[in-house]
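Okay, thanks everyone, let me put the model up.

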Amino acid sequence: MIELGEVVVRIYNIFFGTSVLFLIAVGLNLIYGVMRIVNLTHPAFFTLGCYTVAGLGVGIVISLLGTSLTPLLIIPPLIAALIVVIASLIVFPLFIYMSGKGDEVQLLVTYGLLLIFEDVFRLIWGVEPLRASQAYEMAGSLIVGEYLIPVYNIYVILSALILVLLLWLLLFKTKIGILIRASSMDIEMTAALGADVKKVLLVTVLLAGFLAGLGGGLYLPSASVMLGMSVELLVLAFVVVVIGGLGSFLGSFVGSFIVSVLRTITLMLFPELELALIYIVAILILTFKPEGLGGGRKW
Amino acid sequence: MVERLKKAFGDDLRSNFILLAIIAVIYPAIYAISPGWGIVLGHGITWIIALLGFNLLFGYTGLLSFGHALFLGIGAYTAGFMYKYLGINSIELHILGSILSSAVVALAIGLVVVRYTRIFFAIFMLAIAQVFWSLYYKFYWITGGTDGIKMARFSILGISLEHLDFTTYHHIYFYFTTFLTTILIYLMWRIVNSPFGLTLKAIRDNEVRAKFIGIDIYKMRLYAFIISAIYAGITGALVANHHRLVTPDIAYWTTSGKVVFATLLGGTRIFIGPLIGSFIFHVIESFAMRFIYWQLIMGAFIIAIVILMPGGIAQILRTFVESIRHSGRIGG
């Protein structure tokens with residue numbers, strides 16, 4: 001007999017996982033949608049966000065504003081997002097180079113970048129896992145039956161919801177958003193109609209980087225960051241993208257949710273086989289519904 | 001002369017053997033001067049096999065695998081398990097065992113993954129390799145976890161080598177591996193030049209057209225995948241015996257990166273590419289290992305190779321030789 005408290009905790013973990021995965025997957029899908037590049041480097045941006053908060057952001061906030069909760073909740077993720085946007089800007093020329101090239105070139109170049117990022121993390125922050133759980137601890141916990149629910153994680157879920165809303169507004173209600181969607185449908189036609197496609201590509205890459213950095217910044221206080229995390233996230237984010245459908249905005253959401261549910265269930269029943277079971281589901285979906293569960297719609 | 005050189009860096013079997021023969025001849029001298037470099041050459045010889053397999057899959061079939069460490073791991077753990085649980089330390093049996101196990105695993109996985117190409121194939125391979133790596137980690141009561149499986153010295157033709165000094169032992173390993181590599185290079189040459197190999201190239205160059213002329217693309221890819229896995233598995237078994245230690249590291253994604261990088265460096269689509277790639281990679285690695293940020297260099301190299309010299313070193317040498325011939329003609 002499973003207790004009510006446990007059910008609440010599990011459901012709440014599913015939402016937390018969904019939020020985090022969504023912030024990674026949506027950027028992956030944005031870049032694929034517009035540029036037709038599967039950006040293997042993308043999870044490294046999330047990891048960079050984590051490292052920035054742990055190694056830089058929290059320290060800055062504490063030294064300038066003292067250890068108080070509100071700035072610790074808001075400022076470090078924004079610093080992380082800023083750093084990742086700068087990193088995205090640095091690699092942007094490579095993305096322009098790759099956008100017309102074959103899949104192999106794209107895979108190899110983004111893979112090379114992933115290797116570089118992993119070592120840059122080691123160069124700057126060393127091999128030890130980093131934590132910065134001040135905000136997480138200060139926010140405290142709610143008690144449900146015998147279980148504790150960290151308030152911080154609720155903050156992450158709410159932030160992700162607000163970001164989804166803002167992203168939706170951006171993509172559907174602003175001019176640049178309409179151009180991004182138009183480019184993802186037919187980039188040549190968009191260019192022919194006089195849009196500055198290069199600017200659209202730049203905004204897409206920066207937006208994806210911003211979301212990944214913010215995601216990493218929000219995620220870190222509840223966990224720790226270590227080397228090799230980018231690859232683990234890549235493996236997970238890719239299942240999300242396969243399940244939801246490559247390049248689909250709605251799919252990022254559906255995929256994140258399903259993967260979180262699967263993870264929660266497998267971690268409960270067969271912790272050793274977590275990844276294996278998730279991948280079996282991904283392969284089944286790719287076999288029977290190759291366009292993903294996002295309905296195959298672009299947006 | 002120039003014609004021969006030009007051929008050497010293209011699709012020519014003999015130049016592979018000449019290069020191997022030169023290395024086999026100079027190896028004792030290099031080992032005598034510095035055992036460290038002798039061991040580096042030993043690594044070079046060992047990895048040629050896996051790179052040949054990777055090149056069959058990527059260069060000739062067009063399937064880019066980011067998870068070749070999977071099969072290196074299978075090969076290495078097969079050797080490790082054979083020693084740990086069955087007490088077998090015959091290197092020939094380890095190799096046979098790893099051929100069998102990597103073929104079986106490749107068949108099971110290949111039935112699913114070769115249906116996909118490009119992005120999906122690349123990342124599925126990465127993910128499956130990571131799954132296996134995590135299993136080696138988590139089932140530590142079987143695999144020894146991070147401590148790995150320690151192995152005794154291998155025996156060859158039933159002769160134990162325990163009593164030998166390390167130098168002689170390493171020489172035996174080196175020449176045994178060179179012998180094996182020679183055979184496997186010959187076999188790979190027969191494979192890529194057989195109707196099967198040409199079919200693979202046809203599929204790589206134009207999948208739709210290949211399908212129209214009645215080629216069973218899926219089956220051909222599966223065969224290439226299994227052969228490639230067997231080659232990687234053999235290297236895995238050899239590496240296990242060379243290091244006498246099997247740890248999950250061999251199945252980690254960085255090992256896959258090493259395979260991708262070394263093959264690209266030598267040159268894909270060119271038969272001698274893996275041979276050149278393996279040696280040059282291990283020479284660079286032995287320098288760069290002192291510098292711990294080795295992945296950073298590797299990543300930067302991958303990007304530079306892809307953008308600046310897609311044919312790798314073999315391609316550069318070929319172009320160089322062609323330019324010599326050209327200038328010779330003008331002069332004459």
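So, how are α4(B) and α6(B) oriented to each other: roughly parallel, or roughly antiparallel? Before I answer, a caveat: this is a predicted model, where local features need pLDDT of at least 70 and side-chain atom pairs count only at pLDDT 80 or more, while totals for chains, interfaces and linings use all residues. Residues are numbered from 1 along each chain as its sequence is written, with chains lettered from A and ligands numbered from 1 in the order in which they are written.

Helix α4 (residues 69-86) packs on helix α6 (residues 118-138) at about 30 degrees, axes 8 Å apart. That makes them roughly parallel, the word for angles under 35 degrees. On the α4(B) side the contact uses B:A69, B:L70, B:G73 and B:Y77; α6(B) brings B:M125, B:I128, B:A129, B:F132, B:W133 and B:Y136. Contact here is C-beta atoms, placed from the backbone, within 7 Å. By class, that's nine nonpolar, one polar and no charged residues, with Gly counted as polar.

Over to chain A. A:M138 sits in helix α5 (residues 134-139), and leaving out residues up to four places away in sequence, A:M138 touches A:L69 and A:L72. A:S68 is 70 residues from A:M138 in sequence, yet 8.3 Å away, C-alpha to C-alpha. A:M138 is partly exposed, because it has 16 C-beta neighbours inside 10 Å; buried takes 20 or more, exposed 12 or fewer, and partly exposed is in between.

Last one: α9(A), residues 197-219, is largely enclosed by the rest of the structure, because 18 of its 23 residues are buried.

Conventions: Helix = DSSP H or I, 4+ residues; strand = E, 2+ residues; numbered from the N terminus. Expected span 1.5 Å × (residues − 1). Contact = placed C-beta atoms within 7 Å. Axes fitted to C-alpha atoms, helices over the stretch in contact; angles between N-to-C directions. Parallel < 35°, antiparallel > 145°, perpendicular 65-115°, else oblique.
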